[in-house]
Amino acid sequence: MEEIISFLAASMSSGAIGHYVSKGLKKIDSELPSLLQNEPDTKKLHDIIRFKAVEDEIKQLALDFNYSPSISNTSTNNVVNFSGGTNSGVVANNVEIKTSSKNVKVEAPQGSIASSLQHKNYTKYLIDRYHEFKKSELGAGSMNYAIFYNSIKRKFGAKWDMVPLSRFEELSVYLQKRIDDTVLGRNKKAKNSKSYSSFEEYLQKHLP
């Protein structure tokens with residue numbers, strides 16, 4: 001996983017490759033392109049991605065671009081070779097990327113929030129909303145995204161998307177209260193301004 005992250009971070013600054021990689025990351029999580037560009041510690045990035053519970057999506061993105069990581073001990077081990085779709089290129093790094101047609105699909109456990117796309121998307125929307133409000137309070141440089149994911153895990157005994165669907169309403173209320181308790185959330189509340197959409201409003205807005 002760390003090899004994939006290293007490649008993604010390096011390739012984002014490489015012309016057309018960077019455009020498509022950035023676009024793919026943004027679809028998974030709007031914060032990922034910025035995190036990869038601004039966080040030099042690959043291990044820390046791995047931890048953030050793990051706590052965001054998007055490891056499978058990151059790996060699938062790699063497969064979608066038809067590459068798989070492997071460490072090379074040859075004299076060319078400072079080059080990353082990228083080939084996938086209609087794009088190709090080379091990025092300086094310590095990882096050699098080779099083409100692969102392998103497909104991996106991870107099924108979400110039945111009865112978990114991850115098993116329902118609507119519930120999963122709304123939960124992630126609230127988490128992202130909290131991070132957005134907290135970032136305006138602390139500044140991007142002081143943000144530690146893993147803290148909030150850990151607090152959810154402590155409260156509910158599982159990663160946010162592994163929380164049972166039966167506790168979805170409880171989790172939603174918890175996330176909404178955390179948003180309301182931020183400085184921006186309190187300011188909006190004082191002005192009778194909404195900080196987030198309800199589940200019903202979210203579905204009306206995003207369902208076709």
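Tyr122 is buried, its relative accessible area being 1%; buried means under 20%, exposed over 50% and partly exposed in between, for a 1.4 Å probe and protein chains only. Tyr125 is partly exposed, at 21%. The model is predicted, so local features need pLDDT of at least 70 and side-chain atom pairs pLDDT 80 or more, while totals for chains, interfaces and linings use all residues. Residues are numbered from 1 along each chain as its sequence is written, and side-chain values use heavy atoms, without hydrogens and water.

A pair of aromatic rings is described by the distance of the centres and the angle of the planes. Rings of Phe, Tyr and Trp (its six-membered ring) pair if their centres lie within 6.5 Å; planes under 30 degrees apart are stacked, over 60 edge-to-face, and the rest tilted.

| Pair | Centre to centre | Angle between planes | Class |
|---|---|---|---|
| Tyr122 and Tyr125 | 5.7 Å | 35 degrees | tilted |
| Tyr125 and Tyr202 | 5.1 Å | 35 degrees | tilted |

Tyr122 and Tyr125 are about one helical turn apart, because three residues separate their positions in helix α6 (residues 117-138). Helices are DSSP runs (H or I) of at least four residues, numbered from the N terminus. Tyr125 in helix α6 and Tyr202 in helix α10 are 77 residues apart, and their pair links distant parts of the chain. Tyr202 is buried, with a relative accessible area of 12%. Ring pairs join Tyr122, Tyr125, Phe168, Phe199 and Tyr202 into a cluster.

Definitions and conventions
Helices (H or I, at least four residues) and strands (E, at least two) are DSSP runs, numbered from the N terminus.
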